[in-house]
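Visitor: Please show me the model. I want to know what stands behind each label.

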Amino acid sequence: MSKKRPGGESLPSAPSTATGPSPDHEVPAATPVPDPKRWWALAVIALAQLMVILDGTVVNIALPSAQRALGMSDADRQWVITAYTLAFGGLLLLGGRIADLVGRKRTFVIGLAGFAAASALGGAAAGPGMLFAARALQGAFAAVLAPSALSLLATTFTDPKERARAFGVYGALAGGGSAVGLIVGGLLTEYLNWRWSLYVNVPIALAALLGAPAFLRDRSGRRSGHLDVPGALLGCGGLVALVYGFSEAEPRGWSSPSVLTPLVAGAVLLAAFVWWQSRAASPLLPLRIVRDRVRAGSLATMGLATIGMFGVFLFLTYYLQVVLGYPPVRTGLAFVPISAGIVIGATQIAARLLPRTAPRTLMSSGMVLAAAGMVLLSSLTVHAQYVTHVLPALLLLGLGMGLTFMPVYATATAGVPAQDAGVASAVLNTVQQMGASLGTVLLNTIATSATGRYLHSHVRGPDADGATLDQGMVHGFSVAYRCSAGVLLLAALVAGLTVWHRTPKHAGHDAPA
C-alpha cells in the first residue's frame, strides 16, 4: 500500500509487522562474495610490497661503490638512505588518506609507475644531488603505494583462513624484504654495478603494473570529501622533522642544535596534529582508528619490533665485512637464513595457527624467540664462526619476526571500515618505518658510544692496532644487541597485555561509515 502526495508522488507505507523484520533485530549482513581473481591480486600486491621493502636496504651494500663513482663526501653519503626514509615515513599518512579519497587501485598504479620512474632516474644519476632527489621521489611514491597495497589486501581477503594465508605472505615479505635487499644488493654490486640496485625496481614495477588492471578490484570506499590540508601539513611536517632529527643524531650528537631543534619541532607539530584531528571535519587520521586497544597494541608491538630488529642488518653487515672479511655477495647470502625463518614463521606457522589462536600468543612468542636470537648475537667475538655462532641466532630471529609480523598486519587492519582502510594501513606502515629509522639511529649511537669507551680503556698508545679496533667494534655491537633484546621483550609484554581479541571472522570488507 502507498499513500499519495498532493503532487501525485507515492509515499512508501510502513512495513507490515507480520512479514517485515522486527525493529528489535537487525538483518544479518550478507557474507562478502570472494573475488575469483584474489590470488592473482595477492601476487600483484606482493610484488609491490617486495619492491618497497627491498628498496630500504638494497642500496646499503652498493653505497660504498656509489660514493666512489659519484665523488660523494662521507658527510653527504647518509642522504642516499635518509632522503628515502624522510619522504617515505613523512608522507605515509597523507598517501593513505589520498588512497581513501581517490581510490586505492588508482593510487596503487600511480605509486608503481612513479616508483619505477624514480628508480630509473636514480640509476642514471650523474651526481650526488640527482641521486638524492631520486631517492626522495622513491620515498614519496612509496608513501602512496604502500598503504594502497595493504588496504587492497585487507579488503580483498575476508574469509578467515584465506585472510591468514594472504597476510602470511605479506608478513613474510614485510619482514624478509630487508634481508632480501641485502642479498640482491650484494649480487648486483659485485657482478654488475651499483646502478642496478636501483634499476632492478623497474622490471618488478612493470610486472605489477601489467597485472594490476586485470586482477585488482577496489571495493567501495569514500569517494567524496575533502583532504585535510592543515592535518597533512602538521602530521607530515612533524614526522619529517622527527626523522630528520633522528638521522642527524649519529653524526652530530644528541646535544647539537641541528638535532634538538627538529626533534622539538616535530614533537610540537605532532601534538598540534592530534589536537587538530579531534576537531577537523574530515580528519587525515580519524582518532577512532588508534583508540581501539587491540589495534593500538598491535601498532605498538610493530614499532618496538622494528626498533629492535633493524640493528641486525646494520651491525651484522659491518661484522661480516669488516671483522670476518666477507665480500659483498657472501655477506648478502649470509642473511638468507633470517629470510627463510621469516617466511616459515609467517606462512607455515602463524598463518596456520592464527584462525584458532589468539594473536597475542603468536606475537609474544615471536618476540621472545627474537630476543633469544639477539642474546646469542651479543656473545659474538672477533673469532666467531658463522655456522656455530651466527646461524642459530639468525634462525631464531627469522622465526620470531615471522610469528610476529603476520598477526600484527592481520589484527591491525581487521574491522576497519572501507573508507578508512587506506589510512589505517598507512598508520601501520608509518609505525614500521618510524621504528626502523629510530632503531637504526638509537642502536648505532649506543654501539658507537660503547666502542669508544672500550677503545679509551684498552688503548694505551696514540693509535690502536687492527685487532683492538675489531674487538672494540664487536663490543659495541654486543651492547647494542643486548639493548635490542630488551626492546623485543618489551614488545612481547605489550602484545600480551593489549592484544586480547582474536581476528574477526570477516574483517576488511566494507563497513558502514
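Guide: Thr 306 sits in helix α12 (residues 293-323). Helices here are DSSP runs of H or I with at least four residues, strands are runs of E with at least two, and numbering starts at the N terminus. The model is predicted: local features need pLDDT of at least 70, side-chain atom pairs count only at pLDDT 80 or more, and totals for chains, interfaces and linings use all residues. Residues are numbered from 1 along each chain as its sequence is written, and side-chain values use heavy atoms, without hydrogens and water.

Visitor: Why is Thr 306 called buried?

Guide: Its relative accessible area is 0%. Buried means under 20%, exposed means over 50%, and partly exposed lies in between, with a 1.4 Å probe and protein chains only. Thr 306 therefore counts as buried.

Visitor: What does Thr 306 touch, beyond residues up to four places away in sequence?

Guide: Thr 306 touches Phe 405, Val 431, Gln 432, Gly 435 and Ala 436. A contact is a pair of heavy atoms within 4.5 Å.

Visitor: What makes Gly 366 buried?

Guide: Gly 366 has a relative accessible area of 0%, so the buried label applies. Gly 366 belongs to helix α15 (residues 359-377). Leaving aside neighbours within four places in sequence, Gly 366 contacts Gly 400, Leu 403 and Thr 404.

Visitor: Why is Trp 196 called partly exposed?

Guide: Trp 196 has 39% relative accessibility, so it falls in the in-between class. Trp 196 is in helix α7 (residues 196-199).

Visitor: Which residues gather in the patch of positive charge?

Guide: Lys 161, Arg 165, Arg 352 and Arg 356 do. Lys and Arg count as positive, Asp and Glu as negative; His and chain ends are not counted. Each charge is placed at NZ of Lys, CZ of Arg, CG of Asp or CD of Glu. Arg 352 lies in helix α14 (residues 336-353).

Note on methods. Patches are made of residues with over 30% relative accessible area and no salt bridge: like charges are joined within 9 Å, nonpolar side chains (Val, Leu, Ile, Met, Phe, Trp, Tyr) within 5 Å. Accessible areas come from the Shrake-Rupley method with a 1.4 Å probe; for residues, only the protein chains shown count as cover. A salt bridge is a side-chain nitrogen of Lys or Arg within 4 Å of a carboxyl oxygen of Asp or Glu.
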